[in-house]
Amino acid sequence: MASEIKIFKEAIHTHLNVNDKAELISILAKPLLEKNYVTAEFAEKVLEREEKFPTGLPLKKIGVAIPHTDPKYVLKNAISIGVLKKPLPFKVMASPEQSVNVEIIFLLALNDSEKHLEILQKLISLIQNEKALFQILNGSKDEIFHFIDRQLKGGESSYD
């Protein structure tokens, strides 16, 4: 069930102003660590994996990244979301020699490979919808929380 992944308001960050990926991942991982969803090494391991297996996705108008790491650094399934004030370059998933300016980051903490695939499918479906991305990009923390929670639980899509 999709309800097995937790999203909470403390793990949604809007108008983030960061200098690099390390600062970004640290901010996004902090509430997951504080609520005991991930291990202390989680943020570091996400950054290491991002170097080897980039997660930047160049879309038509908005760049998105979905960083994550090995399940052994995850205690409970959760997601942290960051909306950046100014884009940050991420290497492109399918073409690591290229970069994409990312504005929305979905930091995944998943300890179950079946769950990983299910959540990735839902996220890919979500990020392929430009209206949904603009809703996230321009939404408040509460709006983003309710919107993503509904999407992850398989609720009706309301992109308008």
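Which strand does β2 pair with, and in what sense? Select β2 and strand β3 (residues 63–65): the two pair in the antiparallel sense, over three bridges. Strands count as paired if DSSP finds at least two bridges between them. Pro58 stands opposite Gly63 in β3.

Before going on, note that this is a predicted model: local features need pLDDT of at least 70, side-chain atom pairs count only at pLDDT 80 or more, and totals for chains, interfaces and linings use all residues. Residues are numbered from 1 along each chain as its sequence is written, and side-chain values use heavy atoms, with hydrogens and water left out.

**The sheet**

Now show the five strands. They form an open sheet in the order β1-β4-β5-β3-β2, with mixed pairing. Look at the edges: β1 (12–16) and β2 (56–58) each have a single partner strand, so one side of each is left without a neighbour in the sheet. From one strand to the next, the twist averages 25°. Helices (H or I, at least four residues) and strands (E, at least two) are DSSP runs, numbered from the N terminus.

**Helices on the sheet**

Select helix α1 (residues 21–34). Helix α1 packs on the sheet and touches β1, β4 (78–91) and β5 (99–109). Contact means heavy atoms within 4.5 Å. The direction of α1 makes about 165° with that of β4. Axes are lines fitted to C-alpha atoms, for helices over the stretch in contact, and angles run from 0 to 180 degrees between N-to-C directions.

Next, select helix α4 (residues 130–138). This helix also packs on the sheet, touching β3, β4 and β5. Its direction makes about 80° with that of β5.

**Two helices together**

Two packed helices are described by the angle between their axes and the distance between the axes. Here the angle is about 140° and the axes are 9 Å apart. α1 and α2 are therefore oblique to each other. Angles under 35 degrees count as roughly parallel, over 145 as roughly antiparallel, 65 to 115 as roughly perpendicular, and the rest as oblique. Show the side chains at the contact. From α1 come Lys21, Ala22, Ile25, Ala29 and Leu32; from α2 come Phe42, Ala43, Val46, Leu47, Glu50 and Glu51.

**Salt bridges**

Side chains of opposite charge can pair when their charged atoms come close. The structure holds seven salt bridges. Each is a side-chain nitrogen of Lys or Arg within 4 Å of a carboxyl oxygen of Asp or Glu.

Select Asp142 and Lys9. Their closest N and O atoms are 3.1 Å apart. The pair links distant parts of the chain: Asp142 is in helix α5 (residues 141–152), Lys9 in the segment before β1, 133 residues apart. Asp142 is partly exposed, with a relative accessible area of 40%. Lys9 is partly exposed at 32%. Buried means under 20% relative accessible area, exposed over 50%, and partly exposed in between (1.4 Å probe, protein chains only).

Move to Lys61 and Glu130, whose side chains meet at 3.8 Å, N to O. Lys61 lies in the loop between β2 and β3, Glu130 in helix α4, 69 residues apart. Lys61 counts as exposed at 59% relative accessibility, while Glu130 counts as partly exposed at 28%.

Back in α1, pick Lys30 and Glu34. Their closest N and O atoms are 3.9 Å apart. Being four residues apart in helix α1, they are separated by about one helical turn.

Last stop: Lys21, Glu51 and Lys91, which are linked in a network of salt bridges.
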